[in-house]
Amino acid sequence: MVKGNSGEDKEKNGTLTFLSPNRQEKLASINLFNLGVFRLVDATPGGADAIHRITAELYCERMQFVPGGGA
């Protein structure tokens with residue numbers, strides 16, 4: 001996005017992993033493919049002492065659900 005860095009070669013892959021309440025066991029995973037940012041929005045609440053926050057809106061071209069947290 002910045003300075004034209006938004007081509008397919010800049011897309012990333014990622015994984016969301018769902019853990020048990022004790023955070024020891026993987027319950028399931030969602031593999032994400034061809035992720036990219038298409039918008040950044042300033043989400044800082046008002047006030048001089050506020051922590052600066054940015055919301056990133058992403059696109060994902062493909063997802064794969066993996067039960068049990070397997071690869």
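Guide: Gladly, and let us begin with exposure: a residue is buried under 20% relative accessible area, exposed over 50% and partly exposed in between, using a 1.4 Å probe and protein chains only. Glutamate 57 has a relative accessible area of 26%, so this residue is partly exposed. Please keep in mind that this is a predicted model, where local features need pLDDT of at least 70 and side-chain atom pairs pLDDT 80 or more, while totals for chains, interfaces and linings use all residues. Residues are numbered from 1 along each chain as its sequence is written, and side-chain values use heavy atoms, with hydrogens and water left out.

Visitor: What makes serine 20 buried?

Guide: The relative accessible area of serine 20 is 9%, and the limit for buried is under 20%, so serine 20 is buried. Serine 20 is placed in the loop between S1 and S2. Leaving aside neighbours within four places in sequence, serine 20 is in contact with Glu25 and Leu27; contact here means heavy atoms within 4.5 Å. Across the chain of 71 residues, 17% count as buried.

Visitor: How do you know which elements the chain has?

Guide: They are DSSP runs, numbered from the N terminus: helices are H or I with at least four residues, and strands are E with at least two. By that rule there are 0 helices and 3 strands, and from the N terminus on the elements run β-β-β.

Visitor: What makes S2 and S3 a pair?

Guide: Two strands pair if DSSP finds at least two bridges between them. S2 and S3 have 13 bridges in the antiparallel sense, so they meet that definition. Within this pairing, alanine 28 stands opposite proline 67 in S3. S1 and S2 also pair in the antiparallel sense, over 7 bridges, and glycine 14 has leucine 32 in S2 as its bridge partner. In general, strands of a sheet pair through backbone hydrogen bonds, either parallel or antiparallel.

Visitor: Why are S1 and S3 said to stand at the edges?

Guide: The open sheet has 3 strands in the order S1-S2-S3, with antiparallel pairing. Strand S1 (12-19) and S3 each have a single partner strand, so one side of each is left without a neighbour in the sheet. On average, neighbouring strands of this sheet are turned by 35 degrees against each other, direction ignored.

Visitor: Why is the contact of arginine 39 and glutamate 57 called a salt bridge?

Guide: The rule asks for a side-chain nitrogen of Lys or Arg within 4 Å of a carboxyl oxygen of Asp or Glu. Arginine 39 and glutamate 57 come to 3.5 Å, N to O, and so meet in a salt bridge. Arginine 39 lies in strand S2 and glutamate 57 in strand S3, so the pair ties together parts that are 18 residues apart in sequence. Arginine 39 is partly exposed, with a relative accessible area of 41%.

Visitor: How many salt bridges does this rule give?

Guide: The count comes to 2. Aspartate 9 forms a salt bridge with lysine 10, where the closest N and O atoms are 4.0 Å apart. Aspartate 9 is exposed at 64% relative accessible area, whereas lysine 10 is partly exposed at 41%.

Visitor: Which residues form the nonpolar patch on the surface?

Guide: Val37, Leu40, Ile54 and Leu58 form that patch, with about 360 Å² of accessible area together. Patches are made of residues with over 30% relative accessible area and no salt bridge; like charges are joined within 9 Å, and nonpolar side chains (Val, Leu, Ile, Met, Phe, Trp, Tyr) within 5 Å. Isoleucine 54, for one, counts as exposed at 52% relative accessibility. Strand S2 (26-42) and strand S3 (54-67) each supply at least two residues of the patch.

Notes
Accessible areas come from the Shrake-Rupley method with a 1.4 Å probe; for residues, only the protein chains shown count as cover. Axes are lines fitted to C-alpha atoms, for helices over the stretch in contact, and angles run from 0 to 180 degrees between N-to-C directions.
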